[in-house]
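Take a look at the structure below. The paragraphs after it lead you through it, one part at a time.

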Amino acid sequence: MFIPVLIASIISSINAAAIVSRSQSYPLSQPAVLGPKTRLTIGNKVIAPDGFERSATLVDGIFPGPLIAAQKGDDFAIEVVNELQDESMFMSTSVHWHGLYQNGTNYADGASSVTQCPIAQNHSFLHTFSAPNQAGTYWYHSHYSVQYCDGLRGPLVIYDPHDPLAHMYDIDDASTVVTLSDWYHTVATVLRYVIGNTASSSLINGLGRYAGGPMSPLAVITVEQGKRYRMRLISMSCDPNFQFSVDGHNLTVIEADGELTEPLVVDQLQIFAGQRYSVVLVADKPVDNYWIRNLPNTANASYEGGMNSAILRYKGARKVEPATVNTAPKNPLAETNLHALINPGAPGIPEYGKADINLNLEVSVIDGIFYVNNATFKPPTVPVLLQILSGAQEPSQLLPNGSVIVLEADKVVELTLSTTGFGGPHPIHLHGHSFDVVQSAGNGTLNYVNPVRRDVVSTGSPGQQVVIRWVTDNSGPWFLHCHIDWHLEAGLAVVMAESPSGTRAHLNHIPHAWDQLCPTFDSLTPSQLGGGGLKSYEEAANISTLLYPPPPLPSIK
């Protein structure tokens, strides 16, 4: 039986070492905080995070969604309740817990068409899982079509009371979680038909401004002079990457994607869709206001009028916008300078091509459709996990054809990924694992000794390659895809099916409610699915002439 958890009890349950301060860091109030056993209600609400009003798909009516805060070792039980009603957007949903391995609970991964069918309107699903050896900065988002671009995204942090780098910071709480996102004034169900669409604005902690728009409120992060803050940066972007910096302040990187790193001082970092960094900011400058800058890689992006910005405000400073000046970075982050802190070193023989399984994947694009080794990913009507549990084991039996790669159990995999054509750099995310980045894009050297370990990596520019390694110790189908949601929708994905013959034995008890998701979803009518149908396509045609093919005419159910 589901028992609602009071926020007060959650805050008290979070380790006192993690919650050191409750400093007023947001203009209105502290962000909402939930515990690991909780309920997320997915619904529609009109919001104006950058001053432009639009209906959005939200968790508990807010953007970004509430912080889910847990302690290392906690068990999770998160009920996702679907109360969506706006037919212009999708009315089914699924939620993925980005960066959590789901070892033994592949069915709770939340990737629709891979590990489950979507949750239908007026239904719910309880995700029960644990993350026994994981601590760090994660997030959750819809994994149904392009739905997270309409707002279903939020932070998730697992605090470690014995963090080996805790001596480097004083404050690490809800006020130091910093979400970075793009925002669109048109619903994603329309924009998914537009080849090469562009975000209307970018938001920091859910606030921002757009070109030609009002002087909407900006996020304010308050610090106290002399204190050290662990800022947990989360890119919840649907598309652009960001160049993040804070005027006058260095940032010491100590974590990438839930994996601690050797401390590295930078003055700017590029963060791709889906990536996270923990950085230590020392508030050792004069009491004042300083611009936080977050420039997207979109055409004509600027800081004019406070766009792509937030405010770092020292306690005691006047409540005005900063007058600090943007300076060119002297020490920007290079991924190759990041090194795993705990058990560094890639698995297997430290030579290129000497892993147990050596894969080469090439991404290409034709007329806006993406192909991986000449196959474009089209979501199967039966989730890959259900196919496997129903007896399919071989690549020839698994759908979508050409998009499922079967891997043997307990092997070292070395994946070389290269891209051609437009749309890069593509941030590639693997579910179910972290991986060692043996070769970063644009860098000629291979590092098997102490590479960064993470779960999203940039593929760089056309002609460059990235090489990653991981061990197949987590039986089940795991999505490998571009985290630019428009590109995933356009086919930039494959499924890594680890040891299908061992999946049933590896999984914990699969809940009966999981079995019911597909029959319920498959019985929905087009109007119950939402998404705007042909009307969305017609709206897209008013925006651009570069369009993907129109939706198929609905079949009569």
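**A walk through the model**

Ile221 stands opposite Leu312 in strand β20. Strands (E, at least two residues) and helices (H or I, at least four) are DSSP runs, numbered from the N terminus. This is a predicted model, in which local features need pLDDT of at least 70 and side-chain atom pairs count only at pLDDT 80 or more, while totals for chains, interfaces and linings use all residues. Residues are numbered from 1 along each chain as its sequence is written, and side-chain values use heavy atoms, with hydrogens and water left out.

Stay with β20. Strand β12 (residues 220-223) runs parallel to β20, and four bridges join them. Two strands pair if DSSP finds at least two bridges between them. Strand β19 (residues 289-296) pairs with β20 too, in the antiparallel sense, over five bridges. Here Asn289 stands opposite Arg313 of β20.

How many of the six residues of strand β20 (residues 309-314) are buried? Six of the six are, so the strand is largely enclosed by the rest of the structure. Buried means under 20% relative accessible area, exposed means over 50%, and partly exposed lies in between (1.4 Å probe, protein chains only). Both faces of β20 are covered. Ser309, Ile311 and Arg313 are buried on one side. Ala310, Leu312 and Tyr314 are buried on the other.

Now turn to the cores. A nonpolar core is a set of buried Ala, Val, Leu, Ile, Met, Phe, Trp, Tyr and Cys residues joined through side-chain atoms within 4.5 Å. In soluble globular proteins, nonpolar side chains tend to be buried together. The largest nonpolar core here has 119 residues. Those with the most contacts inside this core are Trp97, Met231, Leu269, Leu312 and Met496. Strand β21 (residues 357-366) gives the largest share of this core, five residues. Apart from it lies another core, of 13 residues, including Val384, Ile388, Val404 and Val495.

Met231 is worth a stop. Its place is in strand β13 (residues 228-235). Met231 counts as buried because its relative accessibility is 6%. Leaving out residues up to four places away in sequence, Met231 touches Ile221 and Leu312, among others. Contact means heavy atoms within 4.5 Å. Met231 and Val280 are 49 residues apart along the chain, but their C-alpha atoms are separated by 6.1 Å. Trp97 has its own set of contacts beyond four places in sequence, among them Leu40, Phe129, Trp139 and Leu156.

Next comes a sheet. It is open, has six strands in the order β22-β21-β24-β29-β26-β27, and its pairing is mixed. At the edges stand β22 (369-372) and β27 (453-454), each with a single partner strand, so one side of each is left without a neighbour in the sheet. Within the sheet, β21 runs parallel to β24 (residues 412-419), joined by seven bridges. Leu359 has Leu415 as its bridge partner in β24.

Then look at helix α8 (residues 533-543). Ser536, Tyr537 and Ala540 are buried there. The buried residues of α8 pack against α2 (188-191).

Last, confidence. pLDDT is the predictor's confidence in each residue, from 0 to 100. The chain averages 94, and 94% of the residues score at least 70. Over residues 1-29, pLDDT stays under 50. Where pLDDT is low, the predicted coordinates should not be read in detail.
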